[in-house]
Amino acid sequence: MKYSTKIQLFTLITIFLLSFSGNNLIESNIETQTKIISQSYTPQKSDIQINAISPIIEDGILSEGEYEYNINWGVANWSYTIVGDMVYMALRVEALGWISFGWGGYMFAPMEDSDVATGYVDDNGVPHMDDYWSTREPGPARIAVPEYDEQQDILTFNGTQDDTTTTIEWSRKLVTGDTDKDYEIIPGVRTMVMIGWHATVDNPGWKHTGLSWWWTDWNGNPSRPRNLQASVSESRVDLTWDAPSGDGNSTNWTDNDIRFSSYKLYRSYNNQPYQLITTINDTSITSYTDTDVINAENYRYRVTATNEAIGHQESGYSNEVSVIPMGPLLQPDNLVAQVNSFNVNLSFDYPSSDGGVPVKQFKIYRSMNISGPFDLVGLNTSSLAYNDYDVINGYTYYYYVLAEHDLQTSPASNIVTTNPTGSSTPPLDIIADYSDNQVSLSWSIPESNGGYPLVSYNIYRADTLDGAYTSISSTTELNFVDSEAINGETYYYKVSAVNTVSESEFSNIQRITLALVPSTPINMNIKSGNGNNSLSWDASDPKGDVILFYTIYRSDTPYGPFIPIATVNSLEYDDLTVVNSKSYYYLVTANNTVGESSYSNVLTGIPASVPSKPVNLFIKQVKSGIKINWNEPENNGGYFISDYSVERKSDDGVYSSYATSQSKEFIDSSFNFGTTYSYRIIANNIIGSSEYSSEVSIVPSTNPDRPENIILEMDSGDVRISWEEPNNGGNEIIGYNIYRSAKSNNSYRYIGNSKSMLYVDNVNSTDDYYYRVTAINDMGESEFSVEQHIFTGSPPDAPGNLIALVGNNESTLLWDTPEDNGSPIKYFNVYISDNNITGFELVDNCEALTYTLSDLRNNQTYYIYVTAVNELGESTRSNIVSVVPKEGYVDPSLVNNDAEAGDLNSNGLDIELVTQTAVTILSISAFTAIVFATRTIIMRRKNN
């Protein structure tokens, strides 16, 4: 099972059993079975046979009239139809669970050896069905055991459900060939049929929701008679058929011998309802002749077979045949022909029998041979005569006639032979030709002389196609020459034949124009090339003839003599027998059969070649673009150079036509910087184009970038300006321009140019200066560099009166403020050395007039000086002092215990009390002890 457990399916099959205990089923015994048989429903023919059976469509919907047989129990409905070797079934039950259908088995054990089909429709509307075979296991419960029928002989299946009802449709072969697990259905053979259903799919339980069983004869009526056929004759219809394939005999559960015993024949007249016209009680007779018919009327027939079973007496209808009885349609009688000149008149009598249906038309056939083939040449619907005007005198024709109505065609009438006589047919194959002032005509003899000897031919002529034709001559020959024709005129001719009776119709008309010499060739044209002159012209008017050829004449002078050099059939000529740069003169005439035209106008040609290639290409970039110059070719090919073609390619691309130039130079203003462009030149003259010149290439450039990193330095009163080299824009930098201003972003003035990245500006005053620099290449000048500023004063003077106070591992420096020389002092640099006055190193810088050196070694001599720094540089050094740091030491010259602040010493210095602190650091293994010794000293300071 696909959508249910096997236990559920087992339960489903089990509840079909008629012999369970505890399932509220009727017990399986003889009395019960008799009751079952007595309660079985045996449908009557009026209940189950449906005359109008619609096509069976397995859509899971039971449609009215869809099936041939139907059994209805109110809550369940079973329908079926047997078609050929197939049975189509539908089961509709007022339940939403499993629905099962079984057949076969035995009356006293219905589910033993039973063929079962079971199916349902799930909640998604998807139908499911399985094919099973049911057997019984031994034991008191006698449970039915379902087994899968692996062949799955259910061929088609569908199903639907609504809120209360489930419908399933399926089909299978009557005889599947699986004799182990399929019941073989034989029409007319009685079979046990069981139907059971459940309320739900998931848990049908052990008790039936519904169950029915009965026996059926599977359309126990005889099968339909087969292959009903009919043939007709006058006032008679003969019918034959084949016996049914089954007689409806039921062989199970009854001793009644049911055999079909008779045939019933039904007839419909002109689409009226069918009526029983006879019953044939001898089933060995399978034919019938109906003589109670009217010719030309429509009759339909069908036949059934009947047997002796109650309620199953008559089979379904056989196939239907439709016929119209009638007598034979005979041929028309007494066909007679009367001949005239170019005409045959036929007449005939109406057929002696039309079979009861009036003749609709007569068909007339004709041949020129007694043995055919005959062709249909006419129809006649209103009379017994026909006129054939499509004949030729002197020829033999054969005719016959057929009669025809909607149902039959008669045999052919008698054949008649005719030979129309009178005027001959016209002469054939008229041909006209001409020469100087005359026209020659010729023709062939007519197809028929009309039955009389030919005596002459008449010739007619007109000036227009529809004009008045005049007889101009008569001859007994098959040709004629009209010597009165005039050149250049157009004439129309026709010819008739004359026999001893009359003159024939005219032949076809022949038009002819007596031609003149052609017109003069016009629109002459000449094109000179390398070693050739090519002539062309427009076609001449042939003047009624055809142009045979053109003659070309040539001379070395424009006045002749002109000698013919060629004839051609075309409108052009190439003279290859010429020498370049020499002049040649040509005339052309047209020729037809009449003669030669007058001369054309004179053409002059000077053969030449293409020029040689341009030389000495030169390329450079200018402000307006890329400029290419070249020299003209060494040889112009005999013609002036008309122009030059310029071809260009970019990078590694391919050359393409780019421009034309009337001069020997070209400026390309459409390009991308940094891309490689290559050029080549072609020279053109009237003949053609030269070879390619040599190739020149260039990478176009632009203005350079602006200089960067401008550095301004003072050097002995001069301003030294330097910078970095910028990107040259694809072209070599040829110099730098230097600009100066006295104010920022003010009007700059050009002050000089440098070929290198250095420039020295000689300034004579102490002032502010602002500078900008530009770079220059062949394409132009760059943008300004970033503005740079410098003050042109001098560095400050050296600090004065440097003194040093010493202490324990340190020294404190003091000095006087120097002159700043126009630029404020930014800071002071402190230098120290431990080697006399050499090897000084910069220790630090400070902005105050004092600085303390620490981390000095006691008892070590140090040499110290100080410089001042402003924006313009560093001063010279101060005086050098030497110091020897000592523990607890103060310079005695600086100490005066009696001095007071504000007193002056002998050197004019203020006496200030300065507290000097000596710091002593003692390192004792695991810790450091810092010992401070403080004392007051007198510090000298210069008066300001």
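**Strands, cores and salt bridges in a predicted model**

Let's start with Asp 390, an exposed residue at 58% relative accessibility. Exposed stands for over 50% relative accessible area, buried for under 20% and partly exposed for anything in between (1.4 Å probe, protein chains only). The model is predicted: local features need pLDDT of at least 70 and side-chain atom pairs pLDDT 80 or more, while totals for chains, interfaces and linings use all residues. Numbering runs from 1 along each chain as its sequence is written, and side-chain values rest on heavy atoms, without hydrogens and water.

**Salt bridges**
- The structure contains 19 salt bridges, each a side-chain nitrogen of Lys or Arg within 4 Å of a carboxyl oxygen of Asp or Glu.
- One of them joins the side chains of Arg 366 and Asp 390, at 4.0 Å from N to O. Because Arg 366 sits in strand S21 (residues 361–367) and Asp 390 in the loop between strand S23 (385–388) and S24, this pair ties together parts 24 residues apart in sequence.
- Asp 575 and Arg 554 make another salt bridge, with their closest N and O atoms 2.7 Å apart. Here strand S37 (residues 572–575) supplies Asp 575 and strand S35 (residues 549–555) supplies Arg 554, linking distant parts of the chain that are 21 residues apart. Both Asp 575 and Arg 554 are buried.
- Glu 708 also has a salt-bridge partner, Arg 706, with 3.1 Å between the closest N and O atoms. Glu 708 is partly exposed at 34% relative accessible area, and Arg 706 is partly exposed at 31%.
- Through shared partners, salt bridges connect Arg 366, Asp 388 and Asp 390 in one network.

**Sheets and hairpins**
- An open sheet of 4 strands runs in the order S29-S28-S31-S32 with antiparallel pairing. Strand S29 (470–475) and strand S32 (510–513) are the edge strands; each has a single partner, so one side of each is left without a neighbour in the sheet.
- Strands are DSSP runs of E with at least two residues, numbered from the N terminus, and two strands pair if DSSP finds at least two bridges between them.
- Within that sheet, strand S31 (residues 490–499) is joined to S32 by 4 antiparallel bridges, and Tyr 491 has Ile 512 of S32 as its bridge partner.
- Elsewhere, strand S12 (residues 226–233) pairs with strand S13 (residues 236–242) in the antiparallel sense over 6 bridges. Ala 230 is opposite Leu 239 in S13.
- The hairpin of S12 and S13 has 2 residues between its strands, and Ser 235 takes a positive phi near 55° there.

**Nonpolar cores**
- The largest nonpolar core has 25 residues, of which Trp 78, Met 89, Leu 91, Phe 101, Trp 103 and Trp 170 touch the most other members. At least two core residues come from each of strand S1 (69–72), strand S2 (76–83), strand S3 (86–93), strand S4 (99–106), strand S9 (166–173) and strand S10 (191–197).
- A separate second core has 18 residues, among them Phe 828, Tyr 851, Val 866 and Val 883.
- A core here is a set of buried Ala, Val, Leu, Ile, Met, Phe, Trp, Tyr and Cys residues joined through side-chain atoms within 4.5 Å.

**Two loop residues**
- Leu 478 lies in the loop between S29 and strand S30 (479–482), and is partly exposed at 33% relative accessible area.
- Pro 411 belongs to the loop between strand S24 (397–404) and strand S25 (416–418), and is partly exposed at 43%. Its C-alpha atom is 8.7 Å from that of Val 401, which is 10 residues away along the chain.
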